[in-house]
Amino acid sequence: MSSIIEAFKNNIRQYSMLIALIAIMLFFQVLTGGILLKPLNITNLVLQNSYILIMAIGMLLVIVAGHIDLSVGSIVAFIGATSAVMMVNLHINVGVTIVACLLLGALIGAWQGFWVAYIKIPSFIVTLAGMLVFRGLTLVMLQGASVGPFPKAFQKISSGFIPDFFGGKDVHITTMVIAVCFLLAIVFVELRSRSKKMALGFAVSPKPVLIFKLLGISAAVLYLCSLLASYKGLPNVLVVLFSLTVLYAFITTQTVTGRRIFALGGNEQAAKLSGVKTRRLTLLTFANLGLLSALAGLVFAARLNVATPKAGTSFELDVIAACFIGGASASGGVGTVIGALIGALVMGVMNNGMSIMGIGIDWQQAIKGMVLLFAVFFDVYNKSKN
Amino acid sequence: MSDFILSMCGITKTFPGVKALDNVSLDVRQGEIHALVGENGAGKSTLMKVLSGIYPHGDYSGEITYQGNECRFREISDSEKAGIVIIHQELALIPYLSIAENIFLGNEQQRGGVIDWLLTYSKAQELLDMVGLDESPGARVTDIGVGKQQLVEIAKALSKKVQLLILDEPTATLNEQDSEKLLKLLLEFKKQGISSILISHKLNEVEQVADSITILRDGAAIETLDCRSGEINEEHIIRGMVGRDLTHRFPERDAHIGEVVLEIRDWTVNHPLHEGRKVVEDVNMTLRKGEVLGIAGLMGSGRTELAMSVFGRSYGVHAAGKVFINGEEADVSTVSKAIGHGVAYVTEDRKTYGLLLDQTIKENITLANLEEVASRHVIDQNQEVLCSSSFVDQFNIKCSGILQKALNLSGGNQQKVVLSKWLFADPDILILDEPTRGIDVGAKYEIYTIINQLVEEGKAVIVISSELPEILGLCDRIYVMSEGRITGELNAAEASQEEIMRHIL
């Protein structure tokens, strides 16, 4: 029994950020009189924060590699403007525009990565320059005006929901089917990994812990999906976001490239002397963030249904804050994709909750700032105690 | 009043697990140049840190009497007030400040917090004249050469009304001419009544200027020679420096030496910043299968630079030379190509260049050869655990488990993790740079045993070391490097420490 309690304790430490998020959600659920977890609001929460979440994934890799990118907000605006000019002014096909914009984003990231990795200019300076350059180019491209509206097909990126193949009336059945399939996949992966470990004679977490964990995940997923299903089902953005999360969580924890990014951020010299191509890898992380910023730019433009010169202002701060709240280390080498996403959700839920409560944007900023400081303090304090 | 300016009596200083100084006494006469000689790690620098208050009173046992009074320096400013100034091997100048600003750093010529620049520059000029440095006091330190920087340090010392000047290997980074100038300056100071303690490896310099020589070995003062009473014998000094018992510190091994696996031809490397300054010059070297090859030499003699430049050009600018592996010319221009040719380099500075300190033992061990535990780019975590655990068991790495962070391991165990990393990459040629630096005797023996196992498996090992007994006890053949060149090749069975020393100096 004591071993089970011990295992619980270890797991709780691991999931402290998640627990904090749940606590914050419950806190606002009570303060907003139950509005926070209403189906419509949950859908809104996802849509409002999707671009921050998408960029947090890319930013996490850059921060783990030991750098920072201040230009992502400007890239969001620049890509939004580019897409607007292409589709609205030049009447280029939606699919072509999306692909071109994503490539452009990757190219911008690679350009900044080049200065950081090969010319050895600190990323803070390179991306500060990028922040100004791309904000400026956005103004040039839009000539100071807003451009819109977008074609219907493009708007669907942000405002669309996956179709219900089963034609449910009150409940979006496809959403529930996807949720159940997802849960079955998780159970399968967990059990297979456990049996592999047992076959090799490794220690595994005791059965009650595993069952508790799986039940917890199932309850959370089913609850959230049923909320969404009772409104319009899964938003398209959420599907994209979810796919990205799985993909990048896999890359960072399970692949050679992911591991090398952590090595690069942990000790660049040692990584280099171990045969890691540090410069190429640094460039890659920036290009990747550029790509994801472009995606966020498209999602954001589609959501507003207009490209404005002011789009994405101060997004970089929210994205960076999300990574640090989620446990990434400012000196590199430490951080998780899931942590960054939880960090972004903490910020998102607070924004949303405080807005519903009618707290002004002024106080929201101040409170968010203090949360960032305390989250990192908590992390530092925990580490020093170990 | 005695004619000694300084008497250090019965100084003992211990670090956790190591006795760095054991009952050392040192007497320096008024107005003499007193040389302090000994191998790396003999305790010279530690003794000087005790004297200058870097290790505060109470941190060591023993007594220091300076100018007739017992001294209890609590920090370096205390000893400076008394007129004792130490100039470290690594110069402590701020590169982007001017010479004058550096001289008066911490001792600014000021009135109510406002710097009097006129006074600063005129005083600085006076001091520069005294040390014979022909530079404007306004020149930036970064723009003048190392030799001149050394003189700025001395001018700084003079500005503090120095009575006893301590120089820690002042000529190690200087060329012949600058060294000569510096030594003359010391003799000049002597005439003015300033006493000096000179730490140096260069015995010819010591002979040239010293009035007394104290030999340190393994934290103990072996003897003090008085040079005024006649010729001193270099052999005598060397024997004092190195003489120690060599039995049973190295595991036995039967050498089975095969064909040449690595050949370095006409290898020349330039300094990464100073164009045209050769750090490694015309080095030719061979390494055979099953052989442990030693490279002896002082720090800065080009040993590490040679090894790192061969390992994927990780140091300096490649100027000339080729590398042959198993008789064929090999492209080792990047680290991954070098690893691909079966070469591994274990750095001398494991914390800066070897370990991911904040990451686990497991992640450190597999880093150089992740493909081995991955299929199609995806890491098999279970396989990784098995591989790293087997190294932990095999090398007896003391840890709570493979998920412990490298940061929390002792030096010896960290070294074993770095070794494991490279053995996991399965190299044929292993270059070990100071493999036993900063680790205790027991762990050293274990490292030696691992090296012996490796050559018995048919690998070839190069050991770079400043410790001559280690080189002699471990290696089959020895190259001696000095100032970027190979100055001798010796058969270990016939070599002696004295002979190696002669090639070094």
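1. Helices here (H or I, at least four residues) are DSSP runs, numbered from the N terminus.

2. A word on the basis of this note: this is a predicted model, in which local features need pLDDT of at least 70 and side-chain atom pairs count only at pLDDT 80 or more, while totals for chains, interfaces and linings use all residues. Residues are numbered from 1 along each chain as its sequence is written, chains are lettered from A in the order in which they are written, and side-chain values use heavy atoms, with hydrogens and water left out.

3. Let us stay with helix H3 of chain A, residues 39-64. The expected span of a helix is 1.5 Å times one less than its number of residues, so the 26 residues of H3(A) should span 38 Å; the end C-alpha atoms are 35 Å apart, which agrees. Following H3(A) comes Gly66(A), with a positive phi near 95°.

4. How many of the 26 residues of H3(A) are buried? The number is 22, so H3(A) is largely enclosed by the rest of the structure. Buried means under 20% relative accessible area, exposed over 50%, and partly exposed in between (1.4 Å probe, protein chains only).

5. Next, please look at where the two chains meet. Contact means heavy atoms within 4.5 Å, and 27 residues of chain A are in contact with 32 residues of chain B. The area buried between chain A and chain B is about 2400 Å², and carbon and sulfur atoms give 58% of it; this is the accessible area (1.4 Å probe) that two parts lose on being put together, summed over both.

6. Side chains of opposite charge can pair when their charged atoms come close. A salt bridge is a side-chain nitrogen of Lys or Arg within 4 Å of a carboxyl oxygen of Asp or Glu, and the rule finds two across the interface of chain A and chain B. Arg260(A) forms a salt bridge with Glu371(B), with the closest N and O atoms 3.0 Å apart. On the chain A side, helices H8 (173-199), H10 (236-254), H11 (256-266) and H12 (268-273) each supply at least two residues that touch chain B. H11(A) gives the most, with seven residues.

7. Over all chains, the structure holds 25 salt bridges. One of them joins Glu135(B) and Lys148(B), whose closest N and O atoms are 3.0 Å apart. Glu135(B) sits in the loop between helix H4 (117-131) and helix H5 (146-159) of chain B, and Lys148(B) in helix H5, 13 residues apart. Glu135(B) counts as partly exposed at 22% relative accessibility, and Lys148(B) also counts as partly exposed, at 31%.

8. Which parts of chain B does the pair Asp358(B) and Lys405(B) tie together? These side chains meet in a salt bridge (3.5 Å, N to O). Asp358(B) lies in the loop between helix H11 (350-354) and helix H12 (361-366), and Lys405(B) in the loop between helix H13 (381-394) and helix H14 (411-424), so the pair ties together parts that are 47 residues apart in sequence.

9. Finally, Lys416(B) forms a salt bridge with Glu446(B), the closest N and O atoms being 3.2 Å apart. This pair links helix H14 of chain B with helix H15 (residues 441-456), the two residues being 30 residues apart. Lys416(B) is buried, at 1% relative accessible area, whereas Glu446(B) is partly exposed, at 25%.
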